[in-house]
Amino acid sequence: MYDRPTIQYLSRTIIRLSLPVLVEQFFIVLMGAVSTMLVGNLGREAVSAVGNIDTINNVMISVFSSVAIGGTVLVAQFTGREDRLSASRAASQAMLASIVLSLVLTALVAGYQHGLVDLLFGRTEVLVRQNSLAYLGIVVWSYPPLALATTAFGVLRGNGNMKAPMMISVVMNLANILLSSVLIYGFRLDLGFIHWTTPAYGVTGAALGLTLARMLGFVLAIVMLKKSDLAFSWSPRHFLAVDRKKMGTILFLGVPAGFEQLMFNGGKLIVQLFIVRLGTVALAANAICNSIAAFATMPTVAMSLALTTIVGQAMGRRDKEGARTLLTFAIPFCSAILVGMSMLFLPVIGPVIGLYTQDAATRQTALPIMILYLFAQPLLWPPSFALAAGFRGAGDVRYQLVVTMVSMWVLRIGLGYLLTAVFSIGVIGVWIAMISDWALRSLLFTLRLRSGKWLNRDLVA
């Protein structure tokens, strides 16, 4: 048990770094929800198409985040050691890796987008497939600016600057909503002597709005990175010179973390194929539930991002006991927050679903899923994800990869297939399998925490 002064200190430490990230996450999730609502009003075929492509986008984001994770951890540990020059060089290496990776992936997805959509979503209705192709054909070009912005955010967080990513995300997501609403539905301005009308582009407009907003976010992120105390430089001599040791450390952290996230989101993509077979109602209900669930876990997602920095800087200071204490305290702290979020959402979950759709079948399908989710998240989400974030800060990434592979394939995919395809219990079977995946991850990560083996990696020796 912790005494009162210790609880106050640990709480303040976590909250101080989490609050800017929480504001950032709030706007990301809020704007994502509004985007879903905007597209949802075009019909369930439109929201299903966007939900389909978002599963591909999430895989891409997970790969980009792997570089950001490497940059965050390395910069955090050099910052904890007060080695500004090495932190700056680590930031340059992370950005260089992000550029190369994003350009390769953009070329691959752009070149094979028709085959990719046919492979993954060929069984959907014709209109869903058409909308999916229209959306992906534009959003794919947002991958390079998104990758660079994501890595810049990670570097800034590693340096302890949580406010800059927050402000950029707020601007970027507000721009997304403004641009998307105009491009989806069109705009008419009539002031007597001024007549201005823009056409309605539907799903294509949603993709254009998102892409333009990500480009804006990239520009702002680069400006803030330039102004940071990392003394980041785009000069070829500084930026393009490969530092083998630092690049190797970033890849050492990023490749397992990226493969873990790839397996995780790739598994979700496979699960999406199960949902495709269940029809458009199931697809729409699943997309809506994902959006609401993002709201419900938002505070602890922010804390998890902060934990990577907190633990990383503690490890850079050689304060292993401090890292252990912070991470051990963070789990019940996150659980308490999620209890409050579930209590907030449960009484109003029906009307909240109604904000997304007026389709009775979709609402009826989504309601039991969200009730199940809100009961499970306080117990299982924190040890499953917050612990993983703390382990990354310490450089312990390979164990997570193994756990994710086993848990994803055995439970989320294997059990999900049994429940939906064999026992035919509908889309809720996917969510039962997901919660079972959380349970196994929680058990294995808790055992890892108690063993102390996650503290054995020294990245900046």
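Hi everyone, let me start with a crossing: helices α2 and α4 cross in a right-handed sense. Before I go on, please keep in mind that this is a predicted model. Helix α2 covers residues 44-80, and α4 covers residues 113-121. The two pack at an angle of about 110°, and their axes are 12 Å apart. An angle from 65 to 115 degrees counts as roughly perpendicular, so that is the label for α2 and α4.

Which residues make this contact? On the α2 side, look for Asn-52, Ile-53, Thr-55 and Ile-56. On the α4 side, they are Leu-116, Val-117, Leu-120 and Phe-121. Sorted by class, that gives six nonpolar and two polar residues, with no charged ones.

While we are on α4, have a look at Leu-119, which is also in this helix. Is Leu-119 buried or exposed? Its relative accessible area is 66%, and the cut-off for exposed is over 50%, so Leu-119 counts as exposed. Leu-119 and Leu-273 are 154 residues apart in sequence, but from C-alpha to C-alpha they are 9.7 Å apart in space.

Let me zoom out for a moment. The protein has 461 residues, and 58% of them are buried. How many helices and strands are there? We have 17 helices and two strands. If you take the contacts with a sequence separation of 6 or more, 85% of them are between residues 24 or more positions apart.

Helix α5 runs over residues 126-139 and α8 over residues 203-227. Their axes are 8 Å apart, and the packing angle is about 20°. The crossing of α5 and α8 is right-handed. From α5, the contact uses Asn-131, Ala-134, Tyr-135, Ile-138 and Val-139. From α8, the residues in contact are Val-203, Thr-204, Ala-206, Ala-207, Leu-208, Leu-210, Thr-211 and Arg-214. Taken by class, this contact of α5 with α8 has nine nonpolar residues, three polar and one charged.

Next, over to α10, residues 244-276, where you will find Ile-250. The relative accessible area of Ile-250 is 1%, and buried means under 20%, so Ile-250 is buried. What does Ile-250 touch, leaving out residues up to four places away in sequence? Its partners are Val-67, Gly-70, Leu-74, Ala-90, Gln-93, Ala-94 and Val-255. Take Ala-90 from that list: Ile-250 and Ala-90 are 160 residues apart in sequence, with 8.0 Å between their C-alpha atoms.

Thr-420 is in helix α16, residues 398-422. Again leaving out residues up to four places away in sequence, Thr-420 touches Phe-274, Leu-278, Ile-425, Gly-426, Gly-429 and Val-430.

Staying in this part of the chain, Ser-424 belongs to the loop between α16 and α17, and α17 is 428-451. Ser-424 is not a glycine, yet its phi is positive, at about 50°. Ser-424 is exposed, with 54% relative accessible area.

Where is Arg-318, which also has a positive phi? Arg-318 is in the loop between α12 (298-316) and α13 (320-345). Its phi is near 70°, and here too the residue is something other than glycine. At 45% relative accessible area, Arg-318 is partly exposed.

Finally, a word on cysteines. Cys-289 is buried with a relative accessible area of 0%, and Cys-334 is buried with 1%. How many disulfides are there? With the cut-off of 2.5 Å between sulfur atoms, the count is zero.

Note on methods. Residues are numbered from 1 along each chain as its sequence is written. This is a predicted model: local features need pLDDT of at least 70, side-chain atom pairs count only at pLDDT 80 or more; totals for chains, interfaces and linings use all residues. Side-chain values use heavy atoms; hydrogens and water are left out. Helices (H or I, at least four residues) and strands (E, at least two) are DSSP runs, numbered from the N terminus. Contact means heavy atoms within 4.5 Å. Buried means under 20% relative accessible area, exposed over 50%, partly exposed in between (1.4 Å probe, protein chains only). Axes are lines fitted to C-alpha atoms, for helices over the stretch in contact, and angles run from 0 to 180 degrees between N-to-C directions. A crossing is left-handed if the near helix is turned anticlockwise from the far one by less than a right angle, and right-handed if clockwise. Ala, Val, Leu, Ile, Met, Phe, Trp, Tyr, Cys and Pro count as nonpolar, Asp, Glu, Lys and Arg as charged, and the others, Gly among them, as polar. Angles under 35 degrees count as roughly parallel, over 145 as roughly antiparallel, 65 to 115 as roughly perpendicular and the rest as oblique.
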